[in-house]
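Here are a few notes to read alongside the structure. Please keep the sequence open while going through the points.

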Amino acid sequence: MPRLSTIGELEQLRRRIRDRVGQQRPCVTVCAGTACQASGANDVQRVIKRHLIERDLVDQVLLRVTGCHGFCEMGPFVVQEPQDAFYPKITTKDVPAIVDAAVLGETLPDLLYRDPITDVPCQCLDDIRFFAGQQRTLLGRNQRLDPIRLFGYLAEGGYEALARVLERYTPEQIIDEVKRSGLRGRGGAGFPTAEKWDVARRQESGEKYVVCNADEGDPGAYMDRSILEGNPHSVIEGMIIGGLAMGASEGFVFVRHEYPLAIKHLLIALRLAREYGLLGEDILGTGRDFDINIVKSAGAFVCGEETALIRTIEGAVGEPRQRPPFPTESGINGKPTCINNVETWANIPIVIARGGDEFARIGTPTSTGTKVFSVVGKIRNTGLVEVPMGTSIKEIVYDIGGGPLEGSRIKAIQIGGPSGGCIPHWRFDLPIDYDSLKEAGAMMGSGGMIVMDDKTCMVDVAKYFMGFLKDESCGKCFTCRKGTQRLWELLDDITEGRGTLAHLDLLEALGQTVTDSTMCGLGQSAANPVLSTLRYFRGEYERHVIDKRCDAQVCRGLTGAPCQAACPVGTEAWRYAALIARGEYEEAYRAIREPNPFPSVCARVCDHKCEERCRLGASGEDPLALRALKRFITDTVDPRLYQAERYANPVLAGKKVAIVGAGPAGLTTAHHLSLQGVKTTVFEAEDRAGGMLVSGIPGFRLPRDVLNKEIDALIDENVTLSCGTALGRDFTIDSLFASGFDAVFLALGAHRSRRMNIDGEDLTGVYPSIEFLKSWNLRGEVLAKGRVGVIGGGNSAIDAARVAVRQEGVSEVTIFYRRTRHEMPAFAEEIEGALEEGVKLELLTSPVTVHGEDGRMTTVEFIVNELGDVDTSGRRRPVPKAGSEKRVPLDTLVVAIGEQSVDDGADVTEGIHVKNGAVVVDKRTLETGRPGVFAGGDFATGPNTVIDAIAAGRRAAAVIERYLQGESLVAPVEPLLPTAYVEPVASSGAADDRIGRVEIPVQPAEKRRRLFTEVEATVTAEAAVREARRCLRCDLEFTSCPEAEGVLPETSRGHR
Amino acid sequence: MITLNINGITVEVEKGTTLLEAAQFLGFPIPTLCHMEGLSPYGACRLCVVEIGAGARSRLVSSCTYRAEEGLKVRTASSRVVKTRKMILELLVASCPQSKTIQDLAAAHDIRQQRFRQEYEDCILCGRCVRMCEEQMMAKAIGFRGRGESRSIGTPFDIKSDVCRLCGACIYVCPACELRCTYTEPEKAVCGGCANISPPCVEVDEFDDMMCYMNPCVACEVVRR
């Protein structure tokens, strides 16, 4: 191809190419960006090529191999044009079908991308949420051109801007156009591009340079790479225009050596541009010269800093230097140098081609245009996302990014690379522009966005970034080198359980010093990961240093065995599993009973947080059935074998404590105080002890004889039970103190159902769930009849429905819930159980009015919801659909939309305050505002699980002991790590060792539907042992066999 | 000439003067470690930070590298400067406690505690020796290598440099080790110095324990293997 020697020739060439493209053929586009290549795009591309040749379809179907489209999660994928059908995650086997479909102009519904929420196939790119939410000015072109050819770019209008600039723009006019566009540097700091160019233009120097900074080093960021790989000519064109504007004749692309594909494509593009006379001497015959060279960086992160970058280009060690003088005044070899980011340069042709004013219309007034973000981490759709500036984080994360992975909640994003900051989920409404991000303590950076969920520990995140920075700091400034190292050390202390509150103060002070006293941008923002996580997640840091807990279970030194760490009372679940595997059932009972006075209760109704965290589950298998194992032990072993240890403490003996409420929290406190010799009186308003265990949980889940046996065992000579006496009616807190009690523990539970606040709520037939359940559980009264509706999606709703379905005179039971099943807070197995028993589920439905006749309800009016915006809980808000009202005839309505302990605003007594329906206490000491009065359980937390109430009871007992002895209420805490060594049983090597999770035997649904007997049964001994042997024994990482130490492996017991 | 304001005093200096020079001209004390007259400004130790500008846009810069600007407002001992300096000194004491220079600076700035994990490093990487060797001795025998935590000073490939003339200027200018050669166990170190040890450490084994760059030792000419 001859060199183009005039602008007219360029336009002629463009017309010829466009004419040829005009005769459209079906086209198959394969994304061959680095990410897709890694997932197999090269094989797909080769097979397509071979198939086209073998079937002689070369003239009928066009194959286009392109750069990155951005939807990297779905690679390798193919886009079929002109239909724009998107086939994700394809294999080479799918190729013939796709090619045939392209020839016939059909689409393949089976291979099409399916919407993850509706599961409907998306016919074209615009139907896919990921693409529909974006404005793909830069990335959109990647799909339409082949980066190693020039013609694609020309057909897309490439070098049009250059031609226009050469023809009729003076340097001032170019800069003016850029100025009107409002374009700001995409490298992070957001300096106005035109201003920088203008300074460089005004320098009186023969030589000037322009530089493209492609030293993209942020973990998780790769948008610059994708632009260079997918559309290198746009960067080249931008740089030529910049060179013309500033009067520079030489440019450099400073690109990471780790980006081989980008370098290859760039080299090809530079060669082509030179061959066609678009680059080099005498560009398009206009007499202007501009050439570009590539400088490969060896990968030091600091070389992305502009002064260090200049030194690297000069051939020296990459170390930043003092600014001013700024590079635009004195850069490479002391000559004026203008450095811009890849994305900035790629935007320049767009600014010129569309006009500055048009460009400025996109985005916000202060941040114009679009920005590419690389969205990675704990999110469904990882990939590159291009949105107008000012788009909210919520839109990117939930709409385009597809929201959290299954079963987790997004907690925060880290934006701007290692020196950026974290933005917590409650600030996701924040529009993404330079100024808002800065105000929020983060920065745009190059646009890396790492999404983190509740399984990410923020301290660990800060430590990771600090580890990166301490290695990547150039080391020139003492405070950056030593400061990052010391910050890392402090974070390491915290994650290993050696942290104190003083560590947090020191982190803050040192972080401030590092920010203040370093020379370059890397140092000045190096403390951001620490400072921003401290700012938004101080609570999480405090959990690490005060409670020695890492709730995300990431910090190994604070977690120990995940099952143990997950249990609110710290049950060593691994230990009883290991003991069951060895057949030592009595020892296993001890491990279960020691921390928990209600083992049989928890074996039936615990929400088993231990199983949620089991590493078997995390590694793709089903988690260990720990609750079933516990049930097996509590049903097998005689509880009388366990004798709790009693202590003779002279200070505590003779002290008296009043406990109000005989639920799990109150009884646990009474039991543990009794072991210390403290006399307690437990006051209970109902006529029997048990609290929610008896009044809320139906007998078919928790048989009454099991419960009563367990409660009776806790009432000993130190515990007096006083049933039928209620706070406020029979006694007050003042009267308790007056009658000689030394302390009071309030554990009244949460017994007040929340109201719906709709018309007709007070008609006969409408019952709050607590009243409904209590009537049946305590008094055997049947309130339900005919068609029963239950409002709500929590455990009370399910319990109420399952009770109603068993009652005489009930014809059908339906649960109405305002969101989807996925969002129901009730335990999944309970929902499953209810459905099996014939309970119906109406989702996305909210009640509007209850209608009635003669004071009795007859029908309920509902409205259908759609899922709308994401709320602060990370769930999509139900939005009523106008005109979707419907009337459902019902005879009974049970309202189970949550409980509270006290009515809002009502103070129980002086010094005890109520907030959001629960009593306000100090979380660690359970103190109320009044000395000597403590509160815990549901009364202080709102409705919660049994095991959490037991944990509160244990905590209360410990705190009250310290209070009675006049000690400080806060005791130092040690990390909860496995201590006892239980020798593992050798694997038999038989195939049945790899058997799945044990099935818990349940009564058949038809039988249990009308019965109030227990639904679940115990597993057999053989099944229990087999299940226990599935345990991965995470505890062994922390313990060692005392006998085997120092003994050679041959003689150790495991190898006998 | 450039007019600027330091701690409320207006001063005229020649173009190109650093803030450190200007402040010192007025007699304001600014502590430094990496700065040395006759060597090019480097800005590594950050001790010489001063606050420039006013209000929300004020910031700290190293006075040894920052050139005077017309109308610039400089404060050499604002509370922000002092706070930062004290933290830097605490970091220095934590890393390099056996240096007499650092001990004296810390004492003068009332550093009474050290809250970090104690280290016994023998170099603060201020680069005085590197600049001395290059700029005054015209040898360029030593330089920096590595980055971040693993940055260090040495000869290329850690072999004796052909261009080193054993002049000892590097040791002479070192603020951390000028009187540094230490006892064999750093914790027990008392500031000494090769040249001051009496009798000199003539045993190679002992010399190996000394944290000294020179080979052979300039004081006793023991050669390290």
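Over which residues of chain B does pLDDT stay under 50?

1. This is a predicted model, and the place to start is residues 179-200 of chain B, where pLDDT stays under 50. For these residues the model has 40 contacts beyond four places in sequence, and those contacts should be read together with that score.

2. Chain B as a whole averages a pLDDT of 82, with 78% of the residues scoring at least 70. Among the elements of chain B, strand S3 (residues 49-52) has the highest mean pLDDT, at 96, whereas helix H6 (residues 204-209) has the lowest, at 58. The model scores ipTM 0.86 and pTM 0.88.

3. In chain A, please look at two peptide bonds in turn. The bond from Arg323(A) to Pro324(A) is cis, with omega near -5°, and a cis peptide bond also joins Pro324(A) and Pro325(A), where omega is about 0°. Pro324(A) lies in the loop between helix H14 (306-314) and strand S8 (337-341) of chain A, and Pro325(A) lies in the loop between H14 and S8 as well.

4. In chain B, Arg46(B) has a positive phi of about 65° although it is not a glycine, and its place is in the loop between helix H1 (19-26) and S3. Arg46(B) counts as buried because it has 32 C-beta neighbours inside 10 Å, where 20 or more are needed.

5. Leu125(B), a residue other than glycine, also has a positive phi, near 55°, and is placed in the loop between helix H3 (100-108) and helix H4 (128-136) of chain B. With 22 C-beta neighbours inside 10 Å, Leu125(B) therefore counts as buried.

How values were computed. Residues numbered from 1 in each chain as written. Chains lettered and ligands numbered in written order. Predicted model: local features only at pLDDT ≥ 70, side-chain atom pairs only at ≥ 80, totals over all residues. pLDDT = per-residue confidence, 0-100. Helix = DSSP H or I, 4+ residues; strand = E, 2+ residues; numbered from the N terminus. Contact = placed C-beta atoms within 7 Å. Buried ≥ 20, exposed ≤ 12 C-beta atoms within 10 Å, placed from the backbone.
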